[in-house]
Amino acid sequence: FLGAEFPGQTDYQLISGNGTLIRYFGTQESVAIRGTVKAIAAGAFENNYTLKSINVPGTATVIGDRAFKNCVALQQVLLSQGIEKIGKEAFYKFDRLETVDFGEALVEIGVRAFYGCDDIEYLHLPATFRKFGAESFRECMDLKFVYCDGPMPRFEDSCLYTGNYIAVFYPTNNPWPLEHIEQLEGAFQGRIEFLAEDGFDPYEP
């Protein structure tokens, strides 16, 4: 293992060759990971109680399962333009997490990845996005708006279920299939509505 340096100290272990950050040991409140990192391993930051802000570099493409689980102070996440997958329970139950920048390459969000992140109010997902894992945003009680820039992604069981009303916006020039919309609205018991990005509802009779 090779130590990769943050300013002033060696704070994490990096697997030589494939650039996977396997464990972070630091106590800094704000961390910007250097560009040599290509992936965040499962549990790499798990149970870190001081981290408030994390900036993942443009070289990284994967955030592993439970990578930031139980980082109870975390408030802000800035993902790189290259992140394609966020693993299972990666940001599970972050009561203080308010903002997440998903970058421009995200394809998949894993099972319960953001479960119980109460302070997230909106999501903005890039045109590359294709899958909400089961319960990925369940119990995110303040979540109200979801903006999707691309074709209709896969919505797995209870992925956006909060018990409250949520509006999902899709590109005006790329309406999603009506039959799938009707199925989802039924599955979410009328607590989800699909609108064009300009607020128009083409599915309303």
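My entries follow, from ground rules to sheet, loops, cysteines and rings.

**Ground rules.** I am working on a predicted model, where local features need pLDDT of at least 70, side-chain atom pairs count only at pLDDT 80 or more, and totals for chains, interfaces and linings use all residues. Residues are numbered from 1 along each chain as its sequence is written, and side-chain values use heavy atoms, with hydrogens and water left out.

**The sheet.** I looked up the strand order and got an open sheet of four strands, β12-β14-β16-β17, with parallel pairing. My strands are DSSP runs of E, at least two residues, numbered from the N terminus, and two of them pair if DSSP finds at least two bridges between them. Which strands stand at the edges? They are β12 (122–125) and β17 (192–196); each has a single partner strand, so one side of each is left without a neighbour in the sheet. Direction ignored, neighbouring strands here are turned by 15 degrees against each other on average; the axes are lines fitted to C-alpha atoms, and angles run from 0 to 180 degrees between N-to-C directions.

I then checked β14 (residues 145–148) against β16 (residues 166–170): the two run parallel and three bridges join them. Val146 stands opposite Val168 in β16.

I found Arg138 in the loop between β13 (131–132) and β14. Its side chain makes a polar contact with the side chain of Ser158, at 3.0 Å. (For that I need N or O atoms within 3.5 Å, one able to donate a hydrogen and the other to accept it; residues adjacent in sequence count only if both atoms are side-chain atoms.) Leaving aside neighbours within four places in sequence, Arg138 is in contact (heavy atoms within 4.5 Å) with Tyr115, Gly116, Ser158, Cys159 and Tyr161.

**Positive phi.** Most residues other than glycine have a negative phi. I noted Asn47 with a positive phi of about 65 degrees, in the loop between β5 (39–40) and β6 (53–55). Asn70 also has a positive phi, near 65 degrees, and lies in the loop between β7 (62–63) and β8 (76–78). Asn47 is partly exposed at 37% relative accessibility, and Asn70 is partly exposed at 30%. (Buried means under 20% relative accessible area, exposed over 50%, partly exposed in between, with a 1.4 Å probe and protein chains only.)

**Cysteines.** How many disulfides does a search of the whole structure find? I got zero, taking sulfur atoms within 2.5 Å as the cut-off. For Cys148 the nearest cysteine sulfur is that of Cys159, 9.8 Å away, which is too far for a bond. Cys148 is buried at 6% relative accessibility, and Cys159 is buried at 0%.

**Rings.** I counted 18 aromatic pairs over the whole structure. (Rings of Phe, Tyr and Trp, the last by its six-membered ring, pair if their centres lie within 6.5 Å; planes under 30 degrees apart are stacked, over 60 edge-to-face, the rest tilted.) Tyr147 and Phe169 are stacked, 4.9 Å centre to centre with 10 degrees between the planes. Tyr147 sits in β14 and Phe169 in β16, so this pair ties together parts 22 residues apart in sequence. Tyr147 is partly exposed at 31%, whereas Phe169 is buried at 10%.

I also looked at Phe155 and Phe194: ring centres are 6.0 Å apart and planes at 85 degrees, so the pair is edge-to-face. Phe155 belongs to β15 (residues 154–155) and Phe194 to β17, 39 residues apart. Both are buried.
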